Structures are given as structure tokens and as C-alpha cells.
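Colleague: Please take a close look at one part of this protein, the charged side-chain pairs. I would like to know which residues they join and how accessible those residues are.

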Amino acid sequence: MADVSSVGEVTGVMAPVWKLCCKKININGAKDREDNMIVTMFSGSKGGVGKTTIAISMSIVTALQHVPTLLVDTSMDGSATGYLLGNNVEPPHLGDLDFVDGVSLRSVLRRVPIIEGDGVELTIAVNGNQKSLRNIRAVADAIKRLNDFPMIVVDVPALADREAVLRYYPLYEAADVIVAVAEPNTVSIRSAVMTFRGKHVVAALNCPRPYTPLFVDLYRKYMDIIHKNYGIPYVVVPYSKTIGLLGGDTIGHFGGSKLNIVKNAEPAYVQAITELVKLVLSKK
């Protein structure tokens with residue numbers, strides 16, 4: 001395990017449904033990998049599609065398998081950092097690092113316990129305070145060198161234009177799998193799912209707000225066509241009323257961390273995330 005410091009207390013017990021779903025995943029091989037598997041998130045120019053929530057949820061699934069898992073927060077607002085550790089994480093943050101004079105990515109790693117007293121935890125590279133990454137190529141290279149984390153999930157902000165995509169491209173170039181997160185609408189799907197056709201891509205058709213079943217089924221058929229023509233597999237992630245609370249000021253009601261909201265998500269949501277992780281793992 002990486003030599004990192006533990007920041008904050010995350011209280012509460014993991015909902016049993018996560019454990020039951022995770023038992024169905026066979027990722028024992030991941031524990032024995034000599035290198036790491038890098039999964040980079042993408043949503044095109046569209047923010048608010050639930051990309052960060054899915055990144056956190058996927059990280060929980062692999063961490064529950066006792067696979068050392070690293071979640072890398074590259075957004076200026078530190079969304080993943082805030083969800084897991086609150087908004088007052090002490091520096092240094094990822095945006096502070098210039099990677100010269102021996103500066104290491106390990107200086108921004110923090111451990112987050114998932115199940116108290118059971119040794120189940122995930123690690124996050126923290127960011128925030130509106131700090132953009134100084135050297136994205138150096139960050140990508142540093143991630144690739146972290147061979148003590150068999151699973152690394154990289155959360156990237158929404159990228160508004162081609163210039164932004166090119167700036168963050170080293171993180172996609174380093175990826176073994178890209179998880180493209182889109183809402184059930186044509187613009188979101190085209191922006192997220194069809195950008196990296198030359199890489200291993202897995203799509204999440206996510207419902208961050210309630211949609212009618214008929215509406216979701218319409219875009220499920222659209223994703224079936226994309227799967228048939230381009231070989232991009234996908235999972236429909238259903239709306240979760242509990243997960244929707246992540247966007248509000250609810251931290252005081254969930255033991256001091258929004259992680260506890262994720263822990264109590266509805267079974268259908270957890271099952272979908274489990275299936276998404278299985279698809280990702282099948283790609284390498």
C-alpha cells in the first residue's frame with residue numbers, strides 16, 4: 001500500500017447491497033497485476049452528467065474487493081475530493097505540484113476508509129481551491145509509475161472544446177480504458193461516446209435526474225446501434241434519489257461525508273455500477 005497520510009474520519013457502515021453486488025465480480029487477477037489499470041473518465045463538453053459520482057462509485061466497488069484503488073481528482077473545484085473528504089482538505093493539492101526537484105504525486109494522496117475497522121479503504125489524489133494542473137503530461141507519467149495501485153480511476157472535468165481535450169489528452173493517452181458518461185440525449189451521447197473510438201471505450205448511459213422509462217428505452221436503442229456499429233459496450237445507470245443528494249447541502253446529515261450518501265444508494269444503481277466495473281475489467 002502507498003505511504004500516504006489519512007485525512008478525516010468517514011463514519012458509517014457500508015450498505016449490505018454493495019457487498020452483495022461486489023461479491024459477484026471476479027477481479028482477483030487485478031490484485032496480482034505487476035502494472036496498473038488506468039481508467040479515465042470523459043463526458044465531453046457536458047458537465048452535470050454524474051461523471052464524478054460514477055468515478056467514486058466504481059472506486060468503491062474495486063476497493064471493496066481489497067484491491068488497492070486510487071482515485072485521481074484533476075478538477076479545479078475538487079469535486080471528488082469534496083465528496084469524500086469535505087471542502088477543507090489541507091494542501092498540498094494536485095494543482096500545487098510542478099513535479100520538479102523530486103516532488104512526488106504521493107504527497108497529495110489521502111486514504112479514505114470505506115468500512116471502519118475492516119481495513120477497506122480507497123486512496124484519493126486530492127485537488128481543489130480552483131487550481132488547474134500545472135503539467136498534465138507529468139501528472140499522467142506519474143500516474144503510470146504508481147504500480148502499487150492495480151486500479152486507478154482518473155476523474156477529469158468536463159472539457160468545453162477541442163483545445164481543452166488536447167490539453168488533457170495525456171490522461172486519455174495513458175488510459176487503458178475510457179469510461180464515457182452521457183445522459184440519455186443525442187448531443188450528450190455524441191459528445192461523450194463517439195470522441196475516442198480508437199481507444200478501449202466503455203459507456204455509461206447515466207440518469208442523474210428522473211427520466212420516464214420510455215425515454216430511457218429510446219436512447220438504450222440508440223446505444224444498441226452504437227454498440228453494434230462501433231463495438232462500444234454500455235451500461236444504463238438508473239436514477240438514484242439517494243445519489244441525487246450529492247448535489248445539495250446534505251453533508252451534515254450523513255456523518256460528515258457525502259461518501260455515506262453513495263454507501264446508501266439504491267440497489268439498482270449499485271448493480272449498474274457493478275456491471276460497469278465488470279465491463280471495464282474485461283477490456284484489458
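Modeller: What follows covers the salt bridges one by one. The model is predicted. A search of the whole structure finds ten salt bridges.

One of them joins R111 and E121, whose closest N and O atoms are 3.6 Å apart. R111 belongs to strand 4 (residues 109-115) and E121 to strand 5 (residues 120-125), so this pair ties together parts that are ten residues apart in sequence. R111 is partly exposed at 22% relative accessibility, and E121 is partly exposed at 24%.

Another pair is E173 with R137, with 2.7 Å between the closest N and O atoms. Here E173 sits in helix 7 (residues 169-173) and R137 in helix 5 (residues 136-145), so the bridge ties together parts that are 36 residues apart in sequence. Both ends are partly exposed: E173 has a relative accessible area of 39%, and R137 has 40%.

The N to O distance between the side chains of D141 and K144 is 3.6 Å. D141 counts as partly exposed at 26% relative accessibility, and K144 is partly exposed at 44%.

Finally, D217, R220 and K221 are linked in a network of salt bridges.

Notes. Residues are numbered from 1 along each chain as its sequence is written. This is a predicted model: local features need pLDDT of at least 70, side-chain atom pairs count only at pLDDT 80 or more; totals for chains, interfaces and linings use all residues. Side-chain values use heavy atoms; hydrogens and water are left out. A salt bridge is a side-chain nitrogen of Lys or Arg within 4 Å of a carboxyl oxygen of Asp or Glu. Helices (H or I, at least four residues) and strands (E, at least two) are DSSP runs, numbered from the N terminus. Buried means under 20% relative accessible area, exposed over 50%, partly exposed in between (1.4 Å probe, protein chains only).
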